[in-house]
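Ready for a few exercises on how helices and strands sit against each other? Try each task yourself before you read the solution.

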Amino acid sequence: MSKNIKFLGLLLTLIIIFIILLKGLNVSKDYSNEKLKSKIDISLNAKKLFSDEIINISDLFDKNSPSVVNIWASWCAPCREEHQFLMKLKDMNINIIGINYKDSPKNAKNFLNSLGNPYSEVITDNDGTKSIEFGAIGVPETFIISGKTNEIIKKYIGPLTSENLIEIKNLLEENA
Amino acid sequence: MSNYLGNYSLYIALIASVYLIFKSYLDANSENKYLDKNFILITSIQTIMITVSFFSLVAAFVISDFSNETVFNNSHTLKPLFYKVSGTWGNHEGSLLLWLLVLSIFLFIFLLNSRSQDTKYKLLTILFQQIIISGFLFFILLTSNPFKTLYPIPSEGLGLNPILQDPALAIHPPILYLGYVGTSIIFSASLASMISGNIGDKWARHIKKWVLLSWVFLTIGILLGSIWAYYELGWGGFWFWDPVENVSLMPWFCLTALLHTVIVLQKRNSFKEWTIILSITTFSLSMSGTFLVRSGILNSIHTFANDPSRGLFILSFLFILILMSILIFFFNQNKISNTAKENFILSKETAILVNNWFMMFFLSVVLVGTIYPIFLEVLNGSKISVGPPFYHNLLIPFLIPFLIFMSFGPSLKWIKDKLKKFNYNILIIFLVSLLISYVILTKTENSFLLSIPLIVLSIYLLLVTIKDFFVSRSSISQKISHFGFSLLITSILLNGLFSNEFNSNMKVGDERIFDEKVVKLKEVNVKDVDNYKSLKASFEVTNKNSSFALYPEVRIYQQPLTITSEADIKTTLFSDNFLVFNILKDDGYYNVRYQYKPLMIWIWISTIFIGFGGLLSVIRKNEQKY
């Protein structure tokens with residue numbers, strides 16, 4: 001009897017795994033999510049990377065125009081690849097708010113000192129909770145957030161590419 | 001011409017496969033004492049047909065026959081001959097054909113090597129192996145035929161991904177496949193032995209060679225993949241916990257457990273269920289590896305093909321095989337004669353059991369980390385990325401009990417061991433390793449509490465495995481493999497602890513100071529080579545009293561347009577100096593990454609030791625004594 005139960009249990013587990021993997025095959029691999037127009041709470045307190053001063057994140061946002069938020073870490077290889085494009089955004093006079101995700105301040109500062117600092121302000125997120133509030137699932141991720149409504153206009157998962165730069169510029173102009 | 005030859009020989013192989021399935025099924029139910037001569041004949045015909053098919057694809061690649069779609073998509077006339085040949089299995093269709101080739105050759109070798117075995121057992125092994133072969137044949141012919149023709153014939157091919165133009169990668173897939181496919185023989189044989197009821201010490205001796213052989217190939221295959229990632233991808237590490245790397249590691253854990261379990265089966269005639277379940281699991285994991293990599297369900301740097309219909313086929317096939325094996329296991333469980341002997345806590349059997357549980361734990365962590373993201377995405381649409389921190393946090397703390405255990409487990413005796421009188425040698429070794437660790441740990445600033453026991457224990461284990469060469473009674477192959485493993489763990493830990501890197505944008509003529517070293521970019525030379533444009537930089541690294549040069553390279557390939565960075569690595573016995581650079585688009589600046597990585601070469605050497613131990617065990621006949 002118990003043998004049959006074991007067998008049925010195993011069979012059921014297998015069928016569930018099969019169905020899930022089957023569904024998984026058809027999941028789209030397009031990661032820029034248009035539907036994510038959710039509003040987020042940005043009135044969080046966080047520490048600045050360079051000055052140890054605690055500020056409210058919402059103070060960093062321009063109330064009238066959208067802001068770019070980039071979540072990064074010095075240990076993340078794709079962030080390093082992406083870095084050059086962030087520098088280009090900076091050259092295009094676009095302000096980027098950096099959230100330094102689960103990183104040691106020393107490494108983070110070294111990273112920015114040696115490669116250049118594209119951010120207008122960097123805040124630290126040692127335990128990853130601030131990034132979770134933004135709905136981030138890994139690094140790097142880039143958000144464009146409306147200053148008026150605090151809605152996510154666009155979210156990029158993974159490193160930015162050169163094609164994204166023009167798109168970001170246009171989005172910022174459209175929503176200004 | 002070669003297209004037709006390749007295609008039709010696959011059909012002939014399929015007919016042979018179907019014939020063998022029916023014939024072996026019918027014969028297994030009759031009480032024939034001898035194996036019909038036709039089996040060897042038909043199997044060899046099938047093997048020859050598949051070989052012909054494989055080599056006609058190789059020929060198409062060599063002569064750049066672009067009427068073949070696979071060749072057109074993956075080759076180019078300008079490619080060096082070596083990579084034209086390796087291009088045969090550098091793509092989805094060709095790699096499956098290689099899988100199939102190895103499958104049929106292995107079955108043929110198995111038949112030649114198991115003359116003394118029971119007829120029913122052999123027939124059933126043929127049956128299961130042919131089911132797998134026919135599955136692959138259908139898969140190739142229906143969804144990924146490598147012999148699709150193109151008309152009009154294009155004049156030039158689309159090239160091979162230049163990242164794949166690397167000697168380590170050219171031989172990495174075949175070696176890994178030998179490991180994977182070897183597990184298919186273990187799978188078929190263990191199901192067959194379960195039904196025919198001959199599972200026991202005699203069978204264990206016979207199947208142990210296959211287990212060892214697959215394990216050696218899998219070990220070396222993983223090593224080559226790791227070497228490729230280190231030298232070619234230029235990320236400066238040897239393991240990235242990428243899903244595709246993980247799928248080769250999972251069967252390895254399982255096979256390592258099986259390797260130890262089979263020894264118990266051989267010596268003590270117990271652990272029968274462990275053996276069967278591990279055989280089934282190992283093969284299922286190897287097959288899932290193929291499924292995960294080939295279906296495009298994973299997001300990874302390694303996924304080359306994206307075709308859900310292929311995924312559907314492999315998924316269904318995989319589940320049919322798993323289902324079949326579970327049914328066979330449950331309905332034949334009573335045939336396993338439970339000669340359960342009394343097990344004592346302090347014995348080699350217990351030690352191997354504990355080892356198995358550790359392997360299962362490591363396996364579960366990697367399994368969860370690899371497929372949980374897929375599950376979560378399907379279940380509620382959320383996406384998580386599981387990175388190195390997950391694996392490190394879950395695996396590293398458990399290394400502590402594992403290392404302690406491994407320091408004494410292998411030297412326990414079978415059946416029952418006694419607690420020995422206090423052994424002064426052990427105490428001396430422990431004190432020496434404390435001393436060495438102290439010296440090592442004072443040299444680093446980032447010592448966490450966790451790294452102290454890890455370093456102490458890994459050095460302790462290393463010294464114990466060295467000591468075992470002189471005093472232990474176990475076999476030389478086991479000593480070598482265990483020594484290799486402890487060396488591997490020690491090298492990885494020290495490498496992780498002492499690695500250091502610096503990153504900067506530099507112009508020609510610039511100097512940067514890093515960790516008492518001066519890194520200078522002297523010049524960058526541009527040159528046209530074979531099928532790419534090369535930018536070779538010349539760096540000089542000056543230490544306190546010595547200096548050396550490094551020449552990293554950036555290659556710009558035209559077919560298809562790809563830029564790769566070739567790191568230059570200066571390897572010494574104690575450390576690697578790794579330098580890689582990238583082009584930044586503007587004003588002559590290059591992004592330079594310099595890494596100091598201690599003991600890199602020992603990670604490769606120790607893995608070779610691990611594999612060599614296994615190989616020695618396959619070759620040596622008098623291993624049976626231990």
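**Exercise 1.** Find which residues of H14(B) meet which residues of H15(B), and work out how the two helices are arranged.

*Solution.* Keep in mind that this is a predicted model.

Step 1: sort them by class. You get 14 nonpolar, two polar and one charged.

Step 2: turn to the geometry. Two packed helices are described by the angle between their axes and the distance between the axes. Here, the axes of H14 (residues 424–442) and H15 (residues 451–471) of chain B come within 8 Å, crossing at roughly 135 degrees. That angle makes H14(B) oblique to H15(B). As for handedness, H14(B) and H15(B) cross in the right-handed sense.

**Exercise 2.** Are H9(B) and H12(B) roughly parallel or roughly antiparallel to each other?

*Solution.* Step 1: get the numbers. Helix H9 of chain B covers residues 243–268 and helix H12 of chain B covers residues 348–380; their axes come within 9 Å and cross at roughly 165 degrees.

Step 1: compare with the cut-off. Angles over 145 degrees count as roughly antiparallel, and H9(B) and H12(B) are therefore roughly antiparallel.

Step 2: The crossing of H9(B) and H12(B) is left-handed. Their contact has 15 nonpolar, eight polar and two charged residues.

**Exercise 3.** Now for a sheet in chain A: what is its strand order, and which strands stand at the edges?

*Solution.* Step 1: read the order. The five strands of this open sheet run S5-S4-S3-S6-S7, and the pairing is mixed.

Step 1: look at the ends. S5 (121–125) and S7 (152–157) of chain A each have a single partner strand, so one side of each has no neighbour in the sheet.

Step 2: Ignoring direction, neighbouring strands are turned by 20 degrees against each other on average.

Step 3: zoom in on one pair. Strand S4 of chain A (residues 96–101) pairs with S5(A) in the parallel sense, over five bridges. For A:Ile97, the bridge partner in S5(A) is A:Glu121.

**Exercise 4.** How many Å separate the centres of domain 1 and domain 2 of chain B?

*Solution.* Step 1: find the bounds. The domain assignment of chain B gives 1–165 for domain 1 and 500–601 for domain 2.

Step 1: take the centres over C-alpha atoms, and the separation comes out at 43 Å.

Definitions and conventions
Residues are numbered from 1 along each chain as its sequence is written. Chains are lettered from A and ligands numbered from 1 in the order in which they are written. This is a predicted model: local features need pLDDT of at least 70, side-chain atom pairs count only at pLDDT 80 or more; totals for chains, interfaces and linings use all residues. Axes are lines fitted to C-alpha atoms, for helices over the stretch in contact, and angles run from 0 to 180 degrees between N-to-C directions. Helices (H or I, at least four residues) and strands (E, at least two) are DSSP runs, numbered from the N terminus. Angles under 35 degrees count as roughly parallel, over 145 as roughly antiparallel, 65 to 115 as roughly perpendicular and the rest as oblique. A crossing is left-handed if the near helix is turned anticlockwise from the far one by less than a right angle, and right-handed if clockwise. Ala, Val, Leu, Ile, Met, Phe, Trp, Tyr, Cys and Pro count as nonpolar, Asp, Glu, Lys and Arg as charged, and the others, Gly among them, as polar. Domain bounds come from an automatic or database domain assignment. Two strands pair if DSSP finds at least two bridges between them. Two residues are in contact if their C-beta atoms, placed from the backbone, lie within 7 Å.
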